[in-house]
Amino acid sequence: MGQGRRGRRWRRGRARGVIAGACFLCLLGLGSPPGGLGLGRALGGEAAPLLIGLLLPPEEPQGLSVRQGVMLAVETANQAPGPRARLVVRGRPGQWGADADEAARMATEDGAQALIAPVDGAASHLALQVAGRTAVPVLTLCPDSLVTGTGVPWMARIAPGADLEAQTLFAQVGRPADRHVPHWAVVLPAGRAGREAAHDVLAAARQMQAEVVKTLDVGTNGVAPPSSVAEVLAARPDAILVWLDPAPAARWVLALRGAGFAGRLAGPGRLAGPEFCVATGAAGEGFTVPAIVYDAGSQASSRRFTAAYRARFGQEPEVVAAQAYDAASLLITLLRESGAHPLHRLFPLVWTGPGASGPLRFDRQGNRVVTLTLRVCHHGSFQAAPASSAL
Amino acid sequence: MQWSVIQWRSRSARWLTLGCLLIAGPVPGAGAARELDQGVPFPLLEGFENFGEKDGIPGHKVHSVLKTREGQLWIGTFDGLCVRQADGKFRRYGPEEGLSHKLVLCLAEDTNTGDLWIGTARGLNRFSGGKFTTYTQTDSGLPNNVVYGVDVVGETVWAATAAGAGALNLRTGAWKIYDQNNTLMHEPWCYAITKSPEFVYIGVWGGGILEHNPKTGSFKEYRDPDGDFQFVLAADAGPVGDITSWVYWEEGVLWQATYFGMSRYDGARWRTWVEGKSPLLSNFVNFVTAHHRVAWIGTDRGVSVTDATNWVNYAVSEKGEGTVEIHQPHQPVVRQRLATTLANGFVLGIWVDDQEVWFATSNGLTRGRYAPQDKAARVAEAQP
């Protein structure tokens, strides 16, 4: 199907101009505030504050990390000259759909010029629905592939796609010596989140010719009852994909190891942080995740971000904190560049630049373009996977 | 005539002639549509008139437009509801007058009572006798406060909200909620409502179209047959996509707007159109309405008009320049620069009748004037 609406030459040209300008300023040493993307410093002058809305439902599993990542980006950006950035955070408990109210409120009453949507897929869709009618751009932290499949022209996803992450795991985790195709079991959250994750994970398995012998939806509280653990192990998998948020994933890892499972355990890239490592302890040893391959510029950005995050919040950042930081930094940069023009005109983003979460580059659908590798948990932190990753 | 009628077949010829056109500059449009008319079986627009803050419209963004049976023009804007007065100026109604929220997303008239129903970013409103009555998630059966679509079906007001469709029985005051728990709705995110004499159609974001028979209480789902949001793998086999941004039914034809193109269903056969493989201006379609069997399609680059065979596009470039482009079977494309154009290419709402066309755009309101011809009847007589 023609996707020409995203490929307008003038937009590409304009976005490329922004990028080229950014690169030029960086080369001149004018940009690059610590951990930032380095565009604001050259843009002096007083102007109205730039307002970014963060949709953050209270039930968001890593909500604090997301909030802190965005806060740090705003604070860092405001150390540089140029229009100041301001953050409004909304999200409240309520029946399903309350996030739509909050997203609409930020876009209308608060005057947010762009929104950051959370990891939760339903909340991201609700923000995108508001974006479709108001042309307020959205950067989402949700890895579901269908989020970028909605067709909203002014959106992009900062998190790598769940489909790509699962493909990487299926492709790069080796096979057992006695089998051509490894047998995988997949543990997924119940409800809509699980349905969307299953869509991506099972499609990736088909594509990579991995055999999924068992899928199990588990409650959102992540409790791993012995009967459910036994049900998974009864399928005799070689490896188990624990596609859950950090806290429930840790419970399942503890339960599976406690039940004697000695095969490979793996999960999404957002688990590669302190919350999961601390919660799993020794049981997390060998847990494998996909991770973005950093270039030199992103390594430097990541180091600056980690140091600033540690200094500001007294803890190590989670993966989603770095992604939230990149989302806010990118929006502030774009808002400063767009000036009086509507921000949505800079979409689709043809962006190439360093980020705290890895190189920032997007395709015409708003998917983040990344190269993924494997990282393995060892002594409480995630490190590059050894050359041989046979099961 | 001062207009330059351009015909081309090849891409190179198109660029060459476009360059000549731009050098020639805009010229008045009187009579142009008649010159352009090469047998298009529906009326062409020959000029546009734009309305904005100078006319009393409070904000740039106009989200919806409706002309009542009595000829009163109402618009929903980013900053309130407005009605056009006898002097041509717009009078605003906002939260100060009782409207539940300033962002008005959709409008519908109860033709039995003359009441106006207004969907906003926080609640549904009824404007009757000069007063607003509001319905919100917390004080009524409205499923969610963000009301993207509204229509009146007999004695029932239907609201498409971010968490299901709500149906308010005006006689009893009772609400019914339709969502993923009691219908075939794949997702509860409802974006549009329309009606036929038999059915209520709900446009579902991520769930295609849901057809509801109020007499039997049954539901039928129309989904993208290839099951993929982004790619159209099966043309003319069903809805072009599942992200339904608008639906409209008129004279036996159901039109579906999506972010991946357009669909048409006449009860027996589906037709689909996507940008690049058809004359459709853009895949990002936010709105569709129909006058007789002619669809008026609001995209992010202007308006496409079609009877499913012939296409007329009123496009707006990023520089604000307007063009009209005519596509007819077995004929070269005719393209012409316009002296007047839409206020903005991002079109969020359209109202069409035999006299005129109104466009709600993201940078003001536009009135389109027909060329002095009467083709509506011819279209009405055509078979689907």
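**Note on the predicted model of chains A and B**

1. Of the 391 residues in chain A, 59% are buried. The model is a predicted one. Chain A contains twelve helices and 14 strands. If one takes the contacts in chain A between residues at least 6 apart in sequence, 70% of them join residues at least 24 apart.

2. On confidence: the average pLDDT of chain A is 86, and 84% of the residues score at least 70. Residues 1–45 of chain A are a stretch where pLDDT stays under 50.

3. Chain A is assigned two domains: domain 1 covers 4–160 + 294–368, and domain 2 covers 163–292 + 373–384. Between them, 17 residues of domain 1 are in contact with 19 residues of domain 2. On the domain 1 side, the elements that contribute two or more residues are α4 (121–134), α5 (145–148) and α12 (319–338) of chain A. That side of domain 1 is made up of eight nonpolar, six polar and three charged residues.

4. A135(A) sits in the loop between α4 and β4 (138–140) of chain A. Its phi is positive, about 65 degrees, although A135(A) is not a glycine. A135(A) counts as buried because it has 22 C-beta neighbours inside 10 Å, where the cut-off is 20 or more. In the loop between α12 and β11 (352–353) of chain A lies P348(A). The peptide bond joining F347(A) and P348(A) is cis, with omega about 0 degrees.

5. H379(A) is another non-glycine residue with a positive phi, here about 55 degrees. The loop that holds H379(A) runs between β13 (372–378) and β14 (381–384) of chain A. H379(A) is exposed, since 9 other C-beta atoms lie within 10 Å and the limit for exposed is 12 or fewer.

6. The contact between the chains involves 25 residues from chain A and 38 residues from chain B. On the chain B side there are 21 nonpolar, eleven polar and six charged residues.

7. Chain B has an open sheet of four strands, ordered β2-β31-β30-β29, with antiparallel pairing. β2 (45–51) and β29 (347–352) of chain B are the edge strands; each has a single partner, so one side of each has no neighbour in the sheet. On average, neighbouring strands of this sheet are turned by 20 degrees against each other, direction ignored. The partner of β2(B) is β31 (residues 364–370) of chain B, with six bridges in the antiparallel sense. Within this pair, F48(B) is opposite G368(B).

8. Strand β25 (residues 302–306) of chain B is mostly covered, five of its five residues being buried. β25(B) runs antiparallel to β24 (residues 294–299) of chain B, and four bridges join the two. β24(B) and β25(B) form a hairpin with two residues between them, and A295(B) has T306(B) as its bridge partner.

9. β25(B) also pairs with β26 (residues 311–316) of chain B, antiparallel and over five bridges. V303(B) is opposite Y314(B) in this pairing. The hairpin of β25(B) and β26(B) has four residues between the strands, and A308(B) in this hairpin takes a positive phi near 85 degrees.

Conventions
Residues are numbered from 1 along each chain as its sequence is written. Chains are lettered from A and ligands numbered from 1 in the order in which they are written. This is a predicted model: local features need pLDDT of at least 70, side-chain atom pairs count only at pLDDT 80 or more; totals for chains, interfaces and linings use all residues. Domain bounds come from an automatic or database domain assignment. Two residues are in contact if their C-beta atoms, placed from the backbone, lie within 7 Å. Ala, Val, Leu, Ile, Met, Phe, Trp, Tyr, Cys and Pro count as nonpolar, Asp, Glu, Lys and Arg as charged, and the others, Gly among them, as polar. Two strands pair if DSSP finds at least two bridges between them. Axes are lines fitted to C-alpha atoms, for helices over the stretch in contact, and angles run from 0 to 180 degrees between N-to-C directions. pLDDT is the predictor's confidence in each residue, from 0 to 100.
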